[in-house]
Amino acid sequence: MAVEPFPQMKKKTSFAKRQRIQEAIWGYLFITPNFLIILFFTIIPVFFALYMSLTDWNILSTPNFIGLENYEKIFSDKLARETFFNTFYFTVVSVPINVFLTLLLAVLLNQKIKGITFFRTAYYLPVISASVAVSLMFMWILANNGLMNQILGSMGIEPVRWLTSPKIALNSVIGVTIWKGLGLNMIIFLAALQDIPKELLEAAAIDGANAVQKFFKITIPLLSPVIFFVTITGVIGSFQSFDLVYNMTRGGPGHSTTVIGFYIWRQAFDYLNMGYGAALAFIVFAAILVLTTLQWALRKFWVYSEA
Amino acid sequence: MSKKNNPTKNDSVLTKSVQAIAVTILVFGAITMIIPFIWSVITSLKSAENIFSHSAFWIQFPPDFSAYKQIWERIPLLLYAGNTLKVALIVSIGQLATSSLAGYAFARLKFPGRDKLFFVYIATMMIPGMVLLIPNFIVMKNLGAINTHWALILSAVGSAFGTFLMRQFFLSFPSELEDAAKLDGCNPFMFYWHILLPNSKPILTTLGLMAFQGIWNDFQWPLIVLNDPSKRTLQLGLSYLMSEYYTDWTLLMAGAIITLLPIIILFFAVQKYFVQSFKFTGLKG
Amino acid sequence: MKARLPFIMLSILIVMSMLLGACAQATPTKAPAADPADTKPTAAPAVKQTTIKVMSFFAYDNPEVEAAVVKAFEEKNADIKVEFESVPMSDIFLKYKTLIAGDVAPDVMAMNFDNAYVFGAMGALEPLDKWITESGYDTSTIFKSTLDMFKVNGVQYSMPATFSDVVLFFNKDLFDAAGLEYPQRDWTQEDLVAAAKALTADTNGDGKIDQWGYTFPWWPVVLEMYNASIWSKDGKTCTLNSPEGVKAIQSIVDARYEGKFSPTADQLAEQGDWDMFIAGKLAMFPTGPWAVQPFNDKITGFTYDIAHMPAGDKQATHVYANAYAMAAASKNKEAAWKFITFATGPEGTKIRQDGKYEISPVKEIAEKYYLAALAGASPESAIVFMEVQDYAVAQPVHANWSQIHDSIYPELDLALTQAKTVQQALDDACVGVNAALNK
């Protein structure tokens with residue numbers, strides 16, 4: 001499946017063959033530098049981690065091989081199930097909102113508006129701030145008598161226990177995550193919007209298409225490779241989310257904000273169950289893999305120029 | 001958008017009202033985005049005893065710069081900022097180079113195993129990074145890179161995320177351009193260099209910025225691989241000012257502002273590249 | 001073209017990554033790279049030097065203190081060179097774990113009480129009993145409770161370098177203004193509650209309390225005061241949900257919601273008790289000697305003193321200590337032991353104590369110099385830090401301590417915010433604690 005024949009050529013000529021080989025050589029050459037880095041600092045470590053997941057390694061002493069025991073243990077771990085559920089909720093809520101809002105923002109910020117530089121910078125500010133600072137900032141803002149409740153109070157709304165109510169805390173963390181991440185996908189979409197040929201939009205306008213039609217008929221299809229990217233990296237990111245939970249709530253109150261990334265960290269580094277933590281990580285891997293394979297398989301139906 | 005050519009009056013009315021709504025949304029959103037930062041600046045300029053005694057937006061006058069002074073006096077700020085800048089610049093440029101090359105190959109060149117290999121790339125992103133911390137450390141140790149800036153650079157100059165991002169952008173690059181280049185006798189590298197890169201400034205800027213800020217704000221990895229105080233990065237250096245027993249809010253906020261400023265300046269500087277000004281100039285003529 | 005620089009960089013990177021790649025592949029499974037100490041050329045030709053690596057979080061935010069200890073040691077031991085690295089407390093244990101996993105553990109590591117236990121129990125630390133006997137080290141000069149804290153199943157794994165304990169800090173001016181007697185050694189909970197209630201006030205009349213009577217110490221101390229424990233003597237069953245445990249935790253809940261003289265979790269989230277006390281908005285605050293220096297620096301406008309913790313069902317408090325331990329994998333154990341005995345002995349601990357980092361665990365140094373160093377400054381009754389030794393015990397610890405802690409903490413959260421009854425929360429916590437105890 002890898003080498004698709006040139007559609008325009010019915011017969012293979014030796015020239016075409018030589019060209020194909022040349023192109024393949026260029027291809028391998030181009031990926032080499034990047035691939036070496038990925039190989040050493042991701043692929044080899046992943047296999048190392050895979051081995052860890054088959055041991056009882058506690059970091060501080062020598063590991064013993066225990067086969068699939070860690071994986072079996074996951075099924076009886078009630079807390080693991082709870083954290084998977086939290087993570088799933090986190091993903092289902094945060095990814096669509098993020099994609100929708102960032103796309104909206106990018107479209108708006110692609111207009112000729114006064115002070116566009118200011119707006120772009122404002123939305124990008126949270127992205128460039130360190131998580132620790134953002135967490136502490138929001139712990140204060142979302143405190144019972146914090147800024148948020150003061151503002152609500154001035155509108156006559158009862159104070160909300162943003163971070164201390166088990167029912168609300170996860171939503172607050174999701175909110176802060178979205179707040180912090182908006183600018184990132186926004187600039188990606190903004191860059192993607194630059195790639196849409198103006199001629200296409202103008203031609204459509206002459207044909208009588210209105211803004212909404214142009215958006216759905218031209219902009220969205222042309223953006224689809226990037227929407228695909230943003231969705232996949234969004235799902236991956238939310239399955240691995242850790243920083244804000246670690247700094248803001250430490251998984252509490254109760255276990256209400258314990259997401260899987262945080263749980264893996266705890267198991268691996270706090271409880272010294274590195275083997276078990278690694279096994280959990282591969283379950284996460286499997287879950288994302290299933291989701292991504294699904295999107296990958298479906299991409300030919302909706303992602304422009306992938307077909 | 002060329003309004004003159006607009007066939008219907010309706011459309012321009014719509015555009016105007018849409019613009020008004022757009023600006024309203026943007027202003028509201030922007031306020032939400034920057035209020036916490038304004039508050040950070042205000043807090044960093046308060047004296048310790050005034051932090052809790054007044055409302056959040058009470059501004060102390062005259063402002064108290066002692067937190068900034070303390071940071072300046074207690075850590076070699078310029079050295080740490082210089083270290084971080086050096087590493088972040090090398091990583092951004094390196095990541096741009098390797099990711100754009102690989103992204104181009106995955107998007108537009110045909111070679112056996114291409115899609116399978118690309119799927120491996122995406123797959124590597126799916127493993128929660130924390131379990132790779134120790135394996136990565138061991139690889140670095142075997143490369144002899146511990147306690148050098150190479151440890152920060154090497155692991156970041158190639159990125160699956162960056163490759164994926166570049167690939168998605170290069171996918172939608174008009175194929176007519178590539179065909180034209182081929183007819184002109186351009187090899188893939190010449191096409192990449194003379195046509196693809198100059199026409200991809202927005203996304204290159206985006207990725208470069210992301211790589212830069214990733215290094216700039218990283219804390220855990222430098223903490224683990226660096227030992228020598230003179231090699232510390234900014235975030236690592238600042239962590240030595242925070243007490244074990246309590247949160248020093250003015251110091252913390254001043255530190256956050258100090259680390260933020262250079263990236264804001266950088267963002268302003270590269271801002272203009274977000275807008276493609278001479279798209280596809282290679283094609284015409 | 002101006003974008004040439006990236007290309008030069010790229011070619012360098014390609015070549016470099018290949019070179020590095022090759023050399024890494026050639027030696028992938030080789031035994032861990034030699035300890036940096038071994039490959040270091042000897043610095044002074046006259047003396048053959050051993051280099052040891054020491055990592056510590058002691059006074060990391062004031063690095064001169066521990067650096068002075070190292071310097072004093074090097075002056076006395078010309079044949080040993082110390083590569084010293086200071087790392088913030090919150091991150092040092094992660095760094096140790098990574099270094100140990102990578103087989104490059106420092107020879108000497110600073111430890112706190114719970115990590116010392118975990119690292120010792122997992123075999124990452126060198127048992128020190130043999131070293132103590134062979135070098136004839138006199139441990140009777142050290143506060144016994146601090147030594148005991150660093151034993152795992154009776155084996156000494158670390159040597160205490162500092163000690164601290166929880167006592168009652170109080171704002172003298174608030175007591176004077178209310179016309180109350182200062183806290184006494186024989187105070188019971190009734191005395192405490194009465195005083196705390198009298199000191200809780202809404203000073204600006206906006207309907208919200210802005211001056212509090214009392215905040216609680218860390219919950220294990222409260223358990224101790226009511227004879228409660230987390231696990232049974234044999235370490236196999238959770239005893240947290242016993243009547244004693246419930247009574248202890250209930251006393252916190254009652255103080256917050258019935259007596260209303262202690263701030264709730266929500267109120268503490270806005271301003272922590274540490275900051276409240278400094279701001280003069282908290283009358284009584286249990287904390288340790290680590291607070292003395294920051295308080296003396298920051299508190300203006302009132303004087304504070306310390307007193308014994310008021311008794312619960314018994315008079316109790318916890319002592320804590322930090323220590324130095326030797327890595328089991330160290331290749332320079334002789335030199336490492338020399339450093340440990342110096343840094344935890346009279347000279348080393350005196351430097352640290354003079355640097356205002358907690359108190360020396362060496363009796364003589366603590367008794368002779370700690371009080372003298374504080375003479376003329378607050379707290380006036382600093383002697384209480386020593387007197388507490390009469391009844392204070394070490395905080396109990398377990399090899400699975402973080403898991404036990406994380407099983408209790410979330411449930412305690414729910415109890416303290418009245419989302420659950422205390423009994424219910426502690427019953428639920430015990431499920432997790434039992435699992436951790438029997439792992």
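1. C:Lys314 is partly exposed at 30% relative accessibility, whereas C:Glu224 is buried at 15%; buried denotes under 20% relative accessible area, exposed over 50%, and partly exposed the range in between (1.4 Å probe, protein chains only). The model is predicted, so local features need pLDDT of at least 70 and side-chain atom pairs pLDDT 80 or more, while totals for chains, interfaces and linings use all residues. Side-chain values use heavy atoms, without hydrogens and water; residues are numbered from 1 along each chain as its sequence is written, and chains are lettered from A and ligands numbered from 1 in the order written.

2. The side chains of C:Lys314 and C:Glu224 form a salt bridge at 3.6 Å, N to O. The term requires a side-chain nitrogen of Lys or Arg within 4 Å of a carboxyl oxygen of Asp or Glu. Over all chains, the whole structure holds 22 salt bridges.

3. C:Glu66 and C:Arg352 also pair in a salt bridge, at 2.8 Å from N to O. C:Glu66 is buried, at 1% relative accessible area, and C:Arg352 is likewise buried at 1%.

4. In chain B, B:Lys231 and B:Asp228 form a salt bridge with their closest N and O atoms 3.8 Å apart. B:Lys231 is partly exposed at 23%, as is B:Asp228 at 28%.

5. Chain B is assigned domain 1 (9–64) and domain 2 (70–274), with bounds from an automatic or database domain assignment. Zero salt bridges are counted between these domains of chain B.
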